[in-house]
Amino acid sequence: MDFILTEEQRMLRDTVRRIAETEFAPRAADVDRREEFPRQNLKILAENGLLGIQVPEEYGGAGAGMLSLILAVEETARVCASTSVILTTQALASDPLLLAGTEEQKRTYLFRMASGQCLGACAITEPGAGSDVTAMKTAAKKVAGGYLLNGSKIFITNGGEAEIVTVLAYTDRDKGHKGISMLLVEKGDPGFSVGKQEPKMGIHGSDTRELTFEDVFLPEARLLGGEGNGFRILMTTFNYTRPAVGAQAVGIAQGALEAAVKYAKERVQFGRPLAGFQGIQWMLAEMALGVEAARTLVYRAASTIDREPDSPDIPRIASMAKWLASDTAMKVTTDAVQIFGGYGYSREYPVERMMRDTKITQIYEGTNQIQRVIVAGQILK
Ligand SMILES: Cc1cc2nc3c(=O)[nH]c(=O)nc-3n(C[C@H](O)[C@H](O)[C@H](O)COP(=O)(O)OP(=O)(O)OC[C@H]3O[C@@H](n4cnc5c(N)ncnc54)[C@H](O)[C@@H]3O)c2cc1C
């Protein structure tokens, strides 16, 4: 329960804040309006070694752990949620390799991913299989020397940008979730194609695509963690990445809170600044309370992962952190729009973007209903 940041973590947070304010913030509205992948921001993330924060040094990362990753995600999301999705998705794609990759797989892929030389994606969702992953149809059939992958995935973040995609597929449908495996697909593999960009409510700068696999041949070396282990690898990965989605929500909420405080001090109605009305003061105080509580749980989840990676508490706390932070951020960003009044609804101010960007944090990496299912399952065990 001790979240005193180390000197290195403070430095990292301050560095990312400076980069976010000078580089990402000025471009954020444009990225949203143009619905453009923030390539310049990606370059800056890579140059500053931020795409492999939690990857051990032996595989080219910073080896700085989960809490450090969370600090970077939070600071980035505070000004540009779309850019923070690049960080969380890189972790979502690289963590399965860290958890289950062979030495050769780790060396082949992690160096390139940690350095930002290439992006990763993680493909689970299908048209008929969202919350219920086991309903998926994608299958990898055993053939001489490897597998033939067939199926399609939707809503895949970084789908059009990624060089490496971790794909969930059945290798033995009769075994249910124990027949699901994880395989590595590379951009350019014959039979692998990427669909058009998904039009979305928020995170407009994030790349979201349909991926199709038609008889994609994958040599055995592309199987991750052995046949039938895909579901387990995915669930363990989510334990590590859900706090990062929580950090994204905390960052957006912090940005909205700061914008609302500033506006409330400046905007005058009935002869005094909005901040002079107790009704507004209480809203701001409640927003600050929510952000602080959510941040505490997110940091606790990350810190537990760093200090006790085998703790049985992790699935529960990770789910709670994502659930609390995203619900809090939804409320805080909605209240920020309210404090801005009509101007909050206008695209001239950032809070409407923040409100739209927040919504996805309640949905991806398991909806908040699914987080409740997980938490209930853990406490009733
Ligand atoms: C912008 C974006 C990016 C995404 N990125 C990725 C990605 O990179 N990789 C990837 O694989 N997927 C990705 N997804 C997909 C995302 O993870 C799914 O949309 C999500 O898991 C929910 O699945 P679904 O949309 O099929 O909803 P459904 O599962 O159909 O759920 C619909 C509603 O029913 C509720 N519900 C479902 N089951 C239960 C239950 N048992 N009890 C109570 N309520 C329930 C849900 O909470 C939800 O409110 C992304 C989605 C979006 C929109």
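A crossing of two helices is left-handed if the near helix is turned anticlockwise from the far one by less than a right angle, and right-handed if clockwise. This is a predicted model, in which local features need pLDDT of at least 70, side-chain atom pairs count only at pLDDT 80 or more, and totals for chains, interfaces and linings use all residues. Residues are numbered from 1 along each chain as its sequence is written, and side-chain values use heavy atoms, with hydrogens and water left out.

Start by selecting residues 7–34, helix α1, and residues 351–359, helix α10. Helices here are DSSP runs (H or I, at least four residues), numbered from the N terminus. The crossing of α1 and α10 is left-handed. Ala28, Ala29 and Asp32 of α1 meet Glu352, Arg353 and Arg356 of α10 in this contact, where contact means heavy atoms within 4.5 Å.

Next, select residues 230–266, helix α6. Its 37 residues span 53 Å from first C-alpha to last, close to the 54 Å expected (1.5 Å times one less than the number of residues). Stop at Asn239, where α6 bends by about 35° (the angle between axes fitted to the seven residues ending there and the seven starting there). Pro243, a proline, follows within four residues. Of the 37 residues of α6, 28 are buried, so this helix is largely enclosed by the rest of the structure. Buried means under 20% relative accessible area (1.4 Å probe, protein chains only).

Finally, select Ser84, in helix α4 (residues 81–100). Ser84 counts as buried because its relative accessibility is 0%. Leaving aside neighbours within four places in sequence, Ser84 is in contact with Val73, Thr76, Ala77 and Gln248.

Terms used: Helix = DSSP H or I, 4+ residues; strand = E, 2+ residues; numbered from the N terminus. Buried < 20%, exposed > 50% of the residue type's maximum accessible area, 1.4 Å probe, protein only. Axes fitted to C-alpha atoms, helices over the stretch in contact; angles between N-to-C directions.
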